[in-house]
Amino acid sequence: MSSASIKKIIPCKKEQLVEMVLDIEKYPEFVPWCIEGKVFDRDESEDLITFNGDLKVGKSILNETFSSHVSYYKEKDTIIVTNLDGPLKHLKNEWKFKEINNSTQLEFFVDFELKNPILNGIMKKSFELGLNKIAKAFEERAIKLLSLIHISEPTRQAEISYAVF
């Protein structure tokens with residue numbers, strides 16, 4: 001299994017960032033290797049948003065579709081994603097949001113394993129590079145679409161930790 005966590009401060013409001021993360025249909029516009037995003041069975045109550053989603057990732061004819069269940073717990077400001085179908089044997093993905101002075105502290109955790117042991121071995125070797133590209137894409141998208149303008153503010157560094165087993 002492969003796992004990693006990222007902690008960043010993103011210069012935008014928490015609600016805006018949550019909305020961007022939940023909008024998987026727009027992922028192909030900015031997430032590397034994402035070809036298509038679809039949402040099914042969306043349900044919303046006072047404290048919970050849930051839906052099933054498909055993400056098609058890859059390049060050209062080499063692609064796979066990942067089906068997941070997404071739950072956003074409004075009171076906890078947490079999104080949890082679990083695997084339903086596709087090439088993953090296991091997936092747990094957590095996004096935690098905390099607003100701090102018109103910015104959002106984002107904590108992201110992912111733990112996954114592919115069904116195919118050969119692809120799983122390959123993925124472990126390129127996992128860090130791929131995760132960094134995806135994390136950077138989310139941050140750049142948030143800044144582009146949602147940020148407050150902080151011209152003189154220095155770029156914030158991310159704390160990233162990896163564990164590949």
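# Exercises on a predicted model

Tyr-27, Phe-30, Trp-95, Phe-108 and Phe-138 form one aromatic cluster. This is a predicted model, where local features need pLDDT of at least 70, side-chain atom pairs count only at pLDDT 80 or more, and totals for chains, interfaces and linings use all residues. Residues are numbered from 1 along each chain as its sequence is written, and side-chain values use heavy atoms, with hydrogens and water left out.

## Exercise 1: confidence

Find the average pLDDT of the protein, and the stretch where the pLDDT is below 50.

*Solution.* 
- Start with the term. pLDDT is the predictor's confidence in each residue, from 0 to 100.
- Take the average. The protein comes out at 84, and 82% of the residues score at least 70.
- The pLDDT is below 50 over residues 147-165.
- Count its contacts (heavy atoms within 4.5 Å). Beyond near neighbours in sequence, this stretch has 35 contacts in the model.

## Exercise 2: an aromatic pair

How are the rings of Tyr-27 and Phe-138 arranged?

*Solution.* 
- Recall the rule. Rings of Phe, Tyr and Trp (its six-membered ring) pair if their centres lie within 6.5 Å; planes under 30 degrees apart are stacked, over 60 edge-to-face, and the rest tilted.
- Count the pairs. The structure holds 5 aromatic pairs.
- The ring centres of Tyr-27 and Phe-138 are 5.2 Å apart and the planes stand at 90 degrees, so the pair is edge-to-face.
- Place the residues. Helices (H or I, at least four residues) and strands (E, at least two) are DSSP runs, numbered from the N terminus. Tyr-27 lies in the loop between α1 and β2, and Phe-138 in helix α2, so the pair ties together parts 111 residues apart in sequence.
- Check burial. Buried means under 20% relative accessible area, exposed over 50%, and partly exposed in between (1.4 Å probe, protein chains only). Both Tyr-27 and Phe-138 are buried.

## Exercise 3: salt bridges

*Solution.* 
- Begin with the idea. Side chains of opposite charge can pair when their charged atoms come close.
- Apply the cut-off. A salt bridge is a side-chain nitrogen of Lys or Arg within 4 Å of a carboxyl oxygen of Asp or Glu.
- Search the whole structure. There are 11 salt bridges.
- Look at this pair. The closest N and O atoms of Glu-29 and Arg-141 are 2.8 Å apart.
- Find the parts. Glu-29 sits in the loop between α1 (14-22) and β2 (34-44), and Arg-141 in helix α2 (residues 117-146), so the bridge ties together parts 112 residues apart in sequence.
- Check the surface. Glu-29 is exposed at 54% relative accessibility, whereas Arg-141 is buried at 11%.

## Exercise 4: a network

Which residues do salt bridges that share partners join into one network?

*Solution.* 
- Start with one bridge. Glu-44 and Arg-42 meet at 3.8 Å, N to O.
- Glu-44 is partly exposed at 49%, and Arg-42 is partly exposed at 46%.
- Follow the shared partners. Arg-42, Glu-44 and Lys-74 are joined into one network.

## Exercise 5: strands and turns

How many bridges join β5 to β6, and over how many do β6 and β7 pair?

*Solution.* 
- Use the rule. Two strands pair if DSSP finds at least two bridges between them.
- Take β5 (residues 78-85). 5 bridges join this strand to β6, and the two run antiparallel. Val-81 stands opposite Asn-93 in β6.
- Move to β6 and β7. They pair in the antiparallel sense over 12 bridges. Glu-94 stands opposite Phe-109 in β7.
- Inspect the turns. β5 and β6 form a hairpin with 2 residues between them, and Gly-86 in the turn has a positive phi of about 115 degrees. β6 and β7 also form a hairpin with 2 residues between them; there, Asn-101 has a positive phi of about 50 degrees.

## Exercise 6: positive phi

Where does Asp-41 lie, and is the residue buried or exposed?

*Solution.* 
- Most residues other than glycine have a negative phi.
- Read the angle. Phi of Asp-41 is near 55 degrees, a positive value.
- Asp-41 is in strand β2.
- Check the surface. At 61% relative accessibility, Asp-41 counts as exposed.
- Compare Asn-102. Its phi is near 65 degrees, again positive. Asn-102 lies in the loop between β6 (88-100) and β7, and is partly exposed at 37%.
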